[in-house]
Amino acid sequence: MRPIRKLIIHCSDSTFGDVREIGRWHRERGFSLIGYHYVICNGHRTAKAEFSPEVDGLIEYGRTVGMEGAHCYGHNRDSIGICLIGKTEFSNTQMIKLHYLVRSLMLEYRLGPKDVYGHYEFDAGKTCPNLDMAAFRAGLLEEEVEHPISTEYKKPKEQEA
Ligand SMILES: [Zn+2]
């Protein structure tokens with residue numbers, strides 16, 4: 001398994017989409033398959049699809065985490081790419097699911113809020129994912145204080161000792 005040291009958040013810069021749709025866009029750009037590991041849908045799978053509540057906040061799997069992504073130049077080797085469907089506005093359900101997904105991945109790969117980035121932090125020419133990452137990390141840090149992931153991890157070892 002490759003080392004995972006960062007989580008990088010993106011947006012699709014589209015008003016609709018899902019793993020299947022983005023996979024198609026990425027293949028058109030010459031990738032063998034979707035570049036992201038996770039996609040968080042906004043309720044519209046395609047341009048013509050009406051809003052579907054079951055699809056709002058739905059987390060879909062792209063590449064497997066064991067496979068290197070194609071989403072952030074120079075940082076694919078040790079990162080996981082998460083894409084929010086949307087341009088500059090995301091639904092509450094999407095934001096709740098993003099928080100939940102990021103927290104789960106932090107727990108799994110023993111990462112802290114400082115290891116969570118937005119694409120624009122590695123590429124000055126971009127605004128992707130159009131989220132205030134400092135505010136997003138502050139939210140993660142607040143929850144980390146209340147429910148520390150690091151402590152949850154240490155517990156089994158302490159019990160052994
Ligand atoms: Zn991006």
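Visitor: What covers the buried residues of α1?

Guide: The cover includes β2, β3 and β4. Helices (H or I, at least four residues) and strands (E, at least two) are DSSP runs, numbered from the N terminus. This is a predicted model, in which local features need pLDDT of at least 70, side-chain atom pairs count only at pLDDT 80 or more, and totals for chains, interfaces and linings use all residues. Residues are numbered from 1 along each chain as its sequence is written.

Visitor: Which residues of α1 are buried?

Guide: In α1, residues 19–28, they are V19, E21, I22 and G23. A residue is buried if 20 or more other C-beta atoms lie within 10 Å of its own, exposed if 12 or fewer, and partly exposed in between, with C-beta atoms placed from the backbone. After the helix comes G30, whose phi is positive, near 100°.

Visitor: What makes R45 count as buried?

Guide: R45 has 20 C-beta neighbours inside 10 Å, and the definition asks for 20 or more, so R45 counts as buried. This residue lies in the loop between β2 and β3.

Visitor: Which residues is R45 in contact with, leaving aside its neighbours within four places in sequence?

Guide: They are F16, D18, E21 and V55. Contact requires that the C-beta atoms of two residues, placed from the backbone, lie within 7 Å. E21 is also among the buried residues of α1.

Visitor: What is the strand order in the open sheet?

Guide: The five strands run β3-β2-β4-β1-β5, with mixed pairing. β3 (56–61) and β5 (116–118) each have a single partner strand, so they stand at the edges and one side of each is left without a neighbour in the sheet. Neighbouring strands are turned by 20° against each other on average, direction ignored.

Visitor: Why is β1 called mostly covered?

Guide: Five of its six residues are buried.

Visitor: Which helix packs on the sheet?

Guide: Helix α2, residues 92–109, touches β1, β2 (38–42), β3, β4 (79–84) and β5. Its direction makes about 35° with that of β3. Such axes are lines fitted to C-alpha atoms, for helices over the stretch in contact, and angles run from 0 to 180 degrees between N-to-C directions.

Key
Two strands pair if DSSP finds at least two bridges between them.
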